[in-house]
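Work through the exercises below with the structure open beside you. Try each task before you read its solution.

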Amino acid sequence: MNRIATALVAALLLTGSAQAQGHGPRSSRVERRELRDDRRDLEALRKVLSRFDAAWANRSERQMVSVESSLRKLLRAELAESQRELAKDWEASRRTRRNARVSQWGGPRAAMWGRAEAVNARGDLRAEHAALRTRKAIARELDEIEGLRQPGALHHKRTLILELIQVAERELNQSRREVRDERRPNHGWRR
């Protein structure tokens with residue numbers, strides 16, 4: 001009876017680890033779609049910065065209002081996307097913690113893999129939470145200076161757009177790492 005129970009636990013562990021590695025519901029196709037979305041978001045922010053610089057150089061109120069409107073829409077979409085990503089990462093973190101506890105029964109190697117996966121999931125969660133906090137802070141600051149055309153306000157607005165671009169670049173780099181890790185056999189574990 002012990003051998004049957006051991007075989008059952010091993011089968012459950014293998015199934016759980018395959019799902020956690022991305023062979024289950026989260027496929028590399030989803031990772032690549034997120035990568036495309038991150039590239040598109042970064043490009044949109046760079047275009048907004050370019051339009052902002054042109055509006056400022058031309059001292060065009062109409063162009064500046066259009067840029068502010070585009071930035072507001074883009075930021076709203078980014079905040080909503082961050083909320084979704086945070087919820088997804090929170091669920092992944094919970095799942096990997098649970099899998100790490102279960103993997104202890106699979107021996108030292110399975111326990112090591114389970115802990116490493118849980119650490120990665122918590123790191124993703126922390127990164128997404130930090131990105132969301134940063135975007136919210138930038139949104140608040142942009143709301144405070146919206147419509148202002150003094151040089152100091154315009155410089156600050158440009159700096160905030162650059163910060164949004166940096167957040168988008170970090171997310172793109174993280175997505176690239178996730179796609180690269182997805183392609184790597186055994187996710188870095190050597191046999």
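Predicted model: local features only at pLDDT ≥ 70, side-chain atom pairs only at ≥ 80, totals over all residues.

**Exercise 1. Find which residues form the positive surface patch, and which helix gives the most to it.**

Solution. 
- Step 1. List the members. The patch is made of Arg29, Arg32, Arg33, Arg36, Arg39, Arg176 and Arg183.
- Step 2. Two helices give two or more residues each: α2 (28-58) and α5 (151-183).
- Step 3. Helix α2 gives the most, with five residues.
- Step 4. Check one member. Arg176 sits in helix α5. Its relative accessible area is 37%.

**Exercise 2. Work out which residues are linked in a network of salt bridges.**

Solution. 
- Step 1. Side chains of opposite charge can pair when their charged atoms come close.
- Step 2. Take one pair. Arg149 and Glu61 form a salt bridge, with N and O 2.9 Å apart. Arg149 lies in the loop between α4 (108-145) and α5, and Glu61 in helix α3, so the pair ties together parts 88 residues apart in sequence. Arg149 is partly exposed at 24%. Glu61 is also partly exposed, at 45%.
- Step 3. Take another pair. Lys157 bridges to Glu68, and the closest N and O atoms are 2.3 Å apart. Lys157 is in helix α5 and Glu68 in helix α3, 89 residues apart. Buried means under 20%. Lys157 has 3%, so Lys157 is buried. Glu68 has 10%, so Glu68 is buried.
- Step 4. Join them. Glu61, Glu68, Arg149 and Lys157 are linked in a network.

**Exercise 3. Find where Arg135 and Glu78 lie, and decide whether each is buried or exposed.**

Solution. 
- Step 1. Look at the contact. Arg135 forms a salt bridge with Glu78, the closest N and O atoms being 2.9 Å apart.
- Step 2. Arg135 is in helix α4 and Glu78 in helix α3, 57 residues apart.
- Step 3. Judge the cover. Arg135 has 2% relative accessible area, so Arg135 is buried. Glu78 has 6%, so Glu78 counts as buried.

Methods. Residues numbered from 1 in each chain as written. Heavy atoms only, no water. Patch = residues over 30% accessible without salt bridge, like charges linked within 9 Å, V, L, I, M, F, W, Y side chains within 5 Å. Areas by Shrake-Rupley, 256 points an atom, 1.4 Å probe, with all protein chains shown as cover. Salt bridge = Lys/Arg side-chain N within 4 Å of Asp/Glu carboxyl O. Lys, Arg positive; Asp, Glu negative; His and termini not counted. Charge placed at Lys NZ, Arg CZ, Asp CG, Glu CD. Helix = DSSP H or I, 4+ residues; strand = E, 2+ residues; numbered from the N terminus. Buried < 20%, exposed > 50% of the residue type's maximum accessible area, 1.4 Å probe, protein only.
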